[in-house]
Structures are given as structure tokens and as C-alpha cells.
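Grab a viewer and work through a few exercises on the model below. Try each task yourself before reading its solution.

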Amino acid sequence: MAILNADLHCHSVVSDGTLTPEALAARAAANGVELWALTDHDEIGGQHRAAAAAREHGMKYLTGTEISVTFAGETVHIVGLGFDPDDPQMREGLLATRGGRGARAHEMAAQLAQVGIQGAYEGALRYVGNPELISRTHFARFLVEAGFCKDTSEVFRKYLTEGKPGYVPHRWASLRDAVQWITRSGGMAVVAHPARYRFTPNEEYALFSEFKAHGGQAVEVVTGSHTAAEYVRYAATAKEFGLAASRGSDFHSPDESHTDLGRLPYLPGELTPVWELLADRLR
């Protein structure tokens, strides 16, 4: 079961990707993906389109989203897989989570204006498919287009991160709320790309302990931002906490993403894949 080309983490224009759900499905299928999920940030508006496109290309599909939560002062992402996309509690929770992005975006633009970068809000909007989900990624694309940075990697070294112009923290959902929205709508909660968080060992242990206590069941072991050593590290974490393992590229754009859809190593064979536990939720 581990030897399956599953890509269960990517983003479309519905959040901060650059391709439509249909174009992502075509790209995934062309790259040999057998099981796919679209996981837009705090949004499930593209789910029915993605499921239909997956069927057209002969891929199995799991519903997906990536929910932003605040834990120990850090933004953590929880992927939900296999839930009912029409569940009202899930929809209401995600709408509330999206609600703070507009005010935050205006504050980010004001900070950038103070260092001589004018029109950042309007510039970022040109890249937004869904205005409710304006994000740092959209500002980064504007800063590249306007010539302030050569690529988005340079943007995040100079702007939009803690201590740099344009950084505005946001209070997201709680870990408990995110996990329960997912599980109560029939899905499975997954800690996304855990190596990206700046936690001490004690804080990371607390994250996984609390996540599991709230009903979380899996961790993303193989993902686009993890190194080979981190695959091993989080395989051990999965076993320590009795969690299933997920695999996903976190693909956003052909021009920006380091890892393409379906181009990841397979999961380590000693782990339980999430799709084994979600077999009855495959579409």
C-alpha cells in the first residue's frame, strides 16, 4: 500500500496556487499520480471541480483542505482528507478562518508602503483567484513582478516574514477546532510539513500530543519541503505517536514549486498510509 503515487497536498487558484483544479488534475495524471487531493488553504470551494477532473483522468480522489491554526505562537497547517465537502460545520469554520485575511492584507500593504513599496495591496489582488484568501504568496508575486526581488525565495528573505517589512501575524483557528471540523465531517486530520515549524523539541512533542488527543490521526512524512533525513525523522514520529503517514508535494505553481506533483519518494514501507484508513472515502 505504501508503493502508491499519491499526492495529497497541493493548491489551486481557489487559494494561492496558479493553476485551476482542472489543470492540476491534468498535470497530476500526466506525472503518474494514482491518488490525488486538492488541499486549498482554508477553502473547499474547488472540491467538486477537482473530484470531477480526477475522474476524467482516471485518478482516485480524496477531498482535501489545509487549515491554518495557531499553536504556541506559531502558524501550523493541518491538512484534512476524506471529509464531506458539504458539511455545514466545516464550511462555517473555514469561512470564519478566512475572515481575518482582508484586514491583515491592508496592514501588510501599509507596512510595505512605509519602506517605499506603493500599491502592494492592489498589486497582490491581481494574483488572487479568491479575494477572501489574499495571502503573503500573492504579495510575493507582486514584489517579483514589480522588480523588488528576483524570485519569491528572495521575497521571503527580505519581506513578509517575522522582523521584516510586511509581516503581520494572524490569529487562526485553534488546533482543537481544526481537527474537530475535519473529523466530525468524516475526514482525517494530518499535521502538514512538520519540519517547517520553528518549535523546540518540547514544543513539537506538545503539538503532536495535543493533536492526537483531539483526534488527529496522521502526519505528512514525505513532502516537498522535507529532506531525506526529515523523512526518516517524521517516520519515527509517526511510529512514536501511532499516526498514519501522508505524502504530498505542496505544489503551488510550475514556476515556483521545487517539487512537482507526483515527483516524491514513496512512503517508508513500515508506516500505515493514510489512504489505507480512508479506503471507503475514495472517490
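Predicted model: local features only at pLDDT ≥ 70, side-chain atom pairs only at ≥ 80, totals over all residues.

Residues are numbered from 1 along each chain as its sequence is written, and side-chain values use heavy atoms, with hydrogens and water left out.

**Exercise 1.** Work out the strand order of the open sheet and name its edge strands.

Step 1: line up the 5 strands, and you get the order 4-5-6-7-8, with mixed pairing. Strands here are DSSP E runs of at least two residues, helices are H or I runs of at least four, and both are numbered from the N terminus. Two strands pair if DSSP finds at least two bridges between them.

Step 2: look for strands that pair on one side only, and you land on strand 4 and strand 8 (244-248).

Step 3: zoom in on strand 5 and strand 6 (residues 188-191), which run antiparallel and are joined by 4 bridges. Leu-81 has Met-188 in strand 6 as its bridge partner.

**Exercise 2.** Find the buried residues of helix 8 (residues 175-184) and what they pack against.

Step 1: the buried ones (under 20% relative accessible area; over 50% is exposed, in between is partly exposed; 1.4 Å probe, protein chains only) are Leu-175, Ala-178, Val-179, Gln-180, Trp-181 and Ile-182.

Step 2: check their contacts (heavy atoms within 4.5 Å). These buried residues pack against strand 4, strand 5, helix 3 (88-98), strand 6 and helix 9 (201-213).

Step 3: just past helix 8, spot Gly-186 with a positive phi of about 90°.

**Exercise 3.** Take Asp-42 and His-193, two residues other than glycine with positive phi, and decide: buried or exposed?

Step 1: Asp-42 sits in the loop between strand 2 (35-36) and helix 2 (47-56), and its phi is near 55°. Its relative accessibility is 0%, so Asp-42 counts as buried.

Step 2: His-193 lies in the loop between strand 6 and helix 9, with phi near 25°. His-193 has a relative accessible area of 1%, so this residue is buried too.
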